[in-house]
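Subject: Structure handover

Hello,

Here is the structure I promised to pass on. Please open it beside this message, and my notes follow below.

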Amino acid sequence: MSGTAATENLPVGIDERRELFTKMVESRLFEEEAERQYKAAKIGGYCHLSSGQEAATVGSVAALEDDDYLVTGYRCHGFALARGIPPGEVMAELFGRQDGCAHGRGGSMHLLDVKRRFYGGWGIVAGQLPIATGLALGLVRQSEPQAVLCELGEGAVNMGAWHESLNLAAVWNLPVVFLVINNIYGMGTSVDRASAEPEVFRRAAAYRMTGERVDGNDVDEVLEASHRLLAEAREERRPAVLEALTYRHRGHSVADAGLAYRSREEVTHWREESDPIRRQREILLEAGISENDLRAVEEAARKTTLEAVAFADSSPEPPVDRLATGMYAPGSAGQFERMRPGSAFGEEALTFDAGLGQ
Ligand SMILES: Cc1ncc(C[n+]2csc(CCOP(=O)(O)OP(=O)(O)O)c2C)c(N)n1
């Protein structure tokens, strides 16, 4: 919904609200299917689901203009979908297939779509912050008017890269909004145990930056704050921290049951009292959208997800001799020269063109 009337005419109208609901449902069903496919061994490596975080994901992305930039951590499936990457291309990437949005080279944690200005999907905690800050610096240096939205988890705010990035963003007045999705746990460690200031938005004050906290399960709140802070970033070159307080329904990754460090009662409480999709459903029903209409949205999302799996299944494996395509700048093959005679993986024979085209 980037750049549509929804972001210009807040509060959100019924059609836009329905669209937000649709995207949230698509994200939830996609994640449920990803878990099934992972357990069926169709997906390798790590797989971090964002079930429960849909309002934070969909609401913030809805505030982006088409030409703004988005950079995230590894819990990125929902962001990729919300940014408009076709579900089939996201699922194919999870499957490591050629038609994946990163041509099968990135996998679940490294989704990418440069033409939609989605610059990843990064697996190193806080590794995305300097990249987003650098993108924002690039915009300023080129006198471009866009902003960067950089997502991170609350576990990333104790990393050096957080301090360095926020400091530079503030002293150089860079157009970047740091969206902290505070789902309370970094793997199994709660924010109270890990962070000397667990109200993460307050840390922005150390850089004389705007810091705000919203209910991350309320899509209206997330959209409104993201919209306003991104506008300030674009128009006034004011960076900001936006903390969205939410909860991840599933474990840290598919391999984690998520119950060793939190009680079943706690999980049930968040799911039943604060599920962002359930909340939106109720608002839509109250606004006069019928139960049948909502079921149709859910049914369509289910169909889209299954089509995404079929698309991913039918996509070929990327050819091994193209493994390094898009990884290195033209001319950088020389670094493998230096690795001789090791070249244990036959790197020197790989293709080094910088484009991602097949
Ligand atoms: C530099 C670094 N250290 C450790 C890890 C292992 N690790 C992966 S996820 C994670 C927890 C991060 O939690 P948070 O930032 O809150 O994000 P969430 O998983 O809740 O989305 C850790 C420690 C890593 N990927 N990178």
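In which strand does Glu 243 lie? Glu 243 is in strand 8, which spans residues 240-245. Before going further, please note that this is a predicted model.

**Glu 243**

Is Glu 243 buried or exposed? Glu 243 has 25 C-beta neighbours inside 10 Å, so it counts as buried; the cut-off for buried is 20 or more. Leaving aside residues up to four places away in sequence, Glu 243 touches Val 180, Asn 182, Val 200, Phe 201, Glu 212 and Arg 213. Val 214 is 29 residues from Glu 243 in sequence. In space, the C-alpha atoms of Glu 243 and Val 214 are 6.2 Å apart.

**The chain as a whole**

The protein chain has 358 residues, and 45% of them count as buried. It holds 13 helices and eight strands. Take the contacts between residues at least 6 apart in sequence: 73% of them join residues at least 24 apart.

**Helix 2 and helix 11**

Helix 2 covers residues 14-39, and helix 11 covers residues 276-286. Their axes come within 10 Å and cross at roughly 150 degrees. Angles over 145 count as roughly antiparallel, and helix 2 and helix 11 are therefore roughly antiparallel to each other. Their crossing is left-handed.

Which residues meet there? Helix 2 brings Arg 17, Arg 18, Leu 20, Phe 21, Met 24, Val 25 and Arg 28. Helix 11 brings Pro 276, Ile 277, Gln 280, Arg 281, Ile 283 and Leu 284. By class, the contact of helix 2 with helix 11 has eight nonpolar, one polar and four charged residues.

**The two sides of helix 11**

Pro 276, Ile 277, Gln 280 and Leu 284 are buried in helix 11. They cover an arc of only 95 degrees around the axis, so they sit on the same side of helix 11.

Glu 282 and Glu 286 are exposed, on the face of helix 11 turned away from its buried side. After helix 11 comes Gly 288, with a positive phi near 105 degrees.

**Helix 2 and helix 3**

Helix 2 also packs with helix 3, at an angle of about 130 degrees. The axes are 9 Å apart. That angle makes helix 2 oblique to helix 3. The crossing of helix 2 and helix 3 is right-handed. From helix 2, Leu 20, Lys 23, Met 24, Ser 27 and Arg 28 make the contact. From helix 3 come Glu 54, Ala 55, Thr 57, Val 58 and Ala 62. The residues of this contact of helix 2 with helix 3 are five nonpolar, two polar and three charged.

**Helix 6 and helix 7**

How do helix 6 (128-141) and helix 7 (residues 160-171) cross? Their axes come within 9 Å, at roughly 15 degrees. Angles under 35 degrees count as roughly parallel, and helix 6 and helix 7 are therefore roughly parallel to each other. Helix 6 passes helix 7 in a left-handed crossing.

Leu 129, Pro 130, Thr 133 and Ala 136 of helix 6 meet Ala 161, Trp 162, Glu 164, Ser 165, Leu 168 and Ala 169 of helix 7. By class, the contact of helix 6 with helix 7 has seven nonpolar residues, two polar and one charged.

Ala 126 is not a glycine, yet its phi is positive, near 75 degrees. Ala 126 lies in the loop between strand 2 (118-121) and helix 6. With 21 C-beta neighbours inside 10 Å, Ala 126 counts as buried.

Arg 237 also has a positive phi, of about 55 degrees, and is not a glycine. Its place is the loop between helix 9 and strand 8. Arg 237 has 17 C-beta neighbours inside 10 Å, so it counts as partly exposed.

Best wishes

Definitions and conventions
Residues are numbered from 1 along each chain as its sequence is written. This is a predicted model: local features need pLDDT of at least 70, side-chain atom pairs count only at pLDDT 80 or more; totals for chains, interfaces and linings use all residues. Axes are lines fitted to C-alpha atoms, for helices over the stretch in contact, and angles run from 0 to 180 degrees between N-to-C directions. Helices (H or I, at least four residues) and strands (E, at least two) are DSSP runs, numbered from the N terminus. Angles under 35 degrees count as roughly parallel, over 145 as roughly antiparallel, 65 to 115 as roughly perpendicular and the rest as oblique. A crossing is left-handed if the near helix is turned anticlockwise from the far one by less than a right angle, and right-handed if clockwise. Two residues are in contact if their C-beta atoms, placed from the backbone, lie within 7 Å. Ala, Val, Leu, Ile, Met, Phe, Trp, Tyr, Cys and Pro count as nonpolar, Asp, Glu, Lys and Arg as charged, and the others, Gly among them, as polar. A residue is buried if 20 or more other C-beta atoms lie within 10 Å of its own, exposed if 12 or fewer, and partly exposed in between; C-beta atoms are placed from the backbone. The arc is that of the directions from the helix axis to the C-beta atoms.
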